[in-house]
Amino acid sequence: MVTGMLTTVMLGSQYADEGATAYDMRTGQPGLRIDLTARIKVTYPVAIDTSAPTDPAKPYLVLYDVSDDATPPNKAQQVLRRVQVVCSTGEVLCPGTDDPNLLSCSFNRICGLGPSTSSTSTTASSTALAPPALTLLGPSVIRIRQGAPYIPCSGGEVRGCEQGAAATRQVHGDMNAEIR
């Protein structure tokens, strides 16, 4: 596991590096600090892409290195910043349906409803983002005698049994097979 300062950036926003500072304390000259901040070398092993959330175990890394002006130069210990691209507040991280390594964020806390992370369009239709409509068939409360089985309705019977539910989504139509 990689350790280092953790910075979070919201999905879809622009990452702005917070930077670092470095000072050299001169041996034998107490209180003398030489500012080396301008000499810090910042490296991004992989460019930070905020169009998709990151796996918490695989953050982006930003590496900071600096050396003083001694001969030979003294190299400071490398410092790491971990950058985690996160879902907006209230939403959750979702595995991809075709590839669990391709992560996305939920929409209204439901996975699979948000706009595609591979889409480059920023003008998604509001119907494409709308959650499915789930409707109970029959009454919302069913009374069953103690000890009697709880069973789904069958053969046209609609009294004293579970009538189920229906699910639709404006873009995809009938989603009844997806009800769990």
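Here are a few friendly notes on the sheet and the salt bridges of this predicted model.

1. A word on the ground rules. Local features need pLDDT of at least 70 and side-chain atom pairs count only at pLDDT 80 or more, while totals for chains, interfaces and linings use all residues. Residues are numbered from 1 along each chain as its sequence is written, and side-chain values use heavy atoms, with hydrogens and water left out.

2. The open sheet has four strands in the order β1-β6-β5-β4, with mixed pairing. Strands are DSSP runs of E, at least two residues, numbered from the N terminus, and two of them pair if DSSP finds at least two bridges between them.

3. β4 and β5 (residues 60-65) run antiparallel and are joined by three bridges. Thr 43, for instance, has Leu 63 in β5 as its bridge partner.

4. Next, the charges: there are three salt bridges (a side-chain nitrogen of Lys or Arg within 4 Å of a carboxyl oxygen of Asp or Glu). Asp 17, Glu 18 and Arg 81 form a network of them. Arg 81 is 3.6 Å from Asp 17 by closest N and O atoms, and its N to O distance to Glu 18 is 4.0 Å. Arg 81 lies in strand β6 and Glu 18 in the loop between β1 and β2, so this pair ties together parts 63 residues apart in sequence.

5. How exposed are these residues? Arg 81 is buried at 4% relative accessible area, Asp 17 is partly exposed at 28% and Glu 18 is exposed at 58% (buried is under 20%, exposed over 50%, partly exposed in between, with a 1.4 Å probe and protein chains only).
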